[in-house]
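User: I am new to this structure and would like to learn how to read it. Could you guide me from the whole chain down to a single residue?

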Amino acid sequence: MSIVVFDPDKVDDVDFQDRMRHPLAEDPSNGMWLSDTEPAAVDALKLRQERLARLRAWLKASGYGGVILFDPYNQRYATGTRNMFGYFLRNSTRYIFIPAEGPITLFDYPQSYHVSTGLETIDEARPSKLVWSSVSAKDEATADPFAAEIADLMRRKAPGATKIGMDRCTHLQALALEAQGLEVKDCQGEILAVRAVKTPEEIKCLQISMAGAEAAVAAVREAIRPGVSENELFAIMYGEVIRQGGEFIETRLLTTGQRTNPWFNEASGRRVRPGELVALDTDTIGCYGYYSDFSRTFRCGPGRPTDYQKMLYRMSHDQVQHNIELIRPGIAFCEIADRAWKIPQRFVDQRYTSVMHGVGMHGETPFIAHAMDFETYGREGHLVPGMVVSVESYIGEKGGREGVKLEEEVLVTETGGALISRFPFEDELLGQG
């Protein structure tokens, strides 16, 4: 066997540029523009086209000339593009102008336009007028140039229209747009309503994302043993989410023992002891940018669960199963609230805040509150086929030693509900082991 030795004096013999490029990189049809963020099982072009069509149908029906999207989730929904997602969740400096008809303009971080311009949804990329404006104390100075450029696009791409939507911005940008003669509307709620009903390709994405999240939870379950810390378990879950093609976890809801009561404590350095419960909520922006949201509670061995632990678990399981049975197309949100599983009085104070909530690219609309909370948090509406909801339960009494968190993700179909999450429950805790 001959050995090839690299000779620095003969670098011209090697085409490093070609070697560094993926052999399929020049062909947008192969999906390589966004690497593995869109699965082979999904028609990525159809996914983007159908989502954009839904958004534009809403723009036209509501009399908007266009919309400016700052929210990275909305940007991704409308165009399929993403860029430094976490950074732009807190820095509203990347924005996309989408007219009701015609070419779409992206305003992006300097030198990063190539990340998005390979997709058919982006017709033009320009430098953002708002990058670094806050850190440079120039928010007031940048607002007018930003507004003038958007107003020019509105005049050229939506002649005669003055109504423009914004999903997220500072008051400075809104005032500057109004000074340009535009009628600015906060449209975040309207966009979430558009996104509430999923296309068939989106449902595929949610199912594939869930498979990755379930693999992560299985890895956590396998790693539970006396002495392991909450942070170590959370790291295992996060690592498996990334390995499965996911992106990030929105919360740190993984707790053990007495830290499972009340809910919403976050993962810490606490180490689990034998016989304690371990509860988690996935809250994962998973594979391909779609949310995976289910919860499970486990028990650290050895030994067998206590009667109290089994009682908590069975109640939580009963609550989830009862409320899943309510899911059917056309049912009113208030009817779900009224007919939901009745929480025993001792557990009411620490109830989960919703009976169920929407799922898509994150936790979305609808939010269906308990009957006792409906006036405060609820709203009227109906389930329709294509919605996806997570059905929630937390059972833990005030001052109790532990609590149980369970949750399932369900697709609303023409005939009822179909599970997207399939991770098994714990037979031992159900009293069946």
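Analyst: The discussion below moves from the overall fold to one annotated span and then to one residue. Please note that the model is predicted.

User: How many helices and strands does the chain have?

Analyst: The chain contains 14 helices and 17 strands. Its radius of gyration is 25 Å, close to the 22 Å that the globule rule gives for 433 residues, so the chain is as compact as a globular protein of that length. Along the principal axes, the C-alpha trace spans about 75 × 70 × 45 Å.

User: What percentage of the residues in the chain is buried?

Analyst: A residue is called buried when its relative accessible area is under 20%. Here, buried residues account for 54% of the 433. The chain exposes about 19500 Å², of which carbon and sulfur atoms supply 52%.

User: Which residues does the UniProt annotation "domain: Creatinase N-terminal" cover?

Analyst: According to the UniProt record, an unreviewed entry, this annotation covers residues 51-197. In the model, that span is 41% helix and 17% strand, and its end C-alpha atoms lie 10 Å apart.

Terms used
Residues numbered from 1 in each chain as written. Predicted model: local features only at pLDDT ≥ 70, side-chain atom pairs only at ≥ 80, totals over all residues. Heavy atoms only, no water. Helix = DSSP H or I, 4+ residues; strand = E, 2+ residues; numbered from the N terminus. Rg over C-alpha atoms; globule rule 2.2 N^0.38 Å. Buried < 20%, exposed > 50% of the residue type's maximum accessible area, 1.4 Å probe, protein only. Areas by Shrake-Rupley, 256 points an atom, 1.4 Å probe, with all protein chains shown as cover. UniProt positions renumbered as here; feature names shortened; annotations may be inferred.
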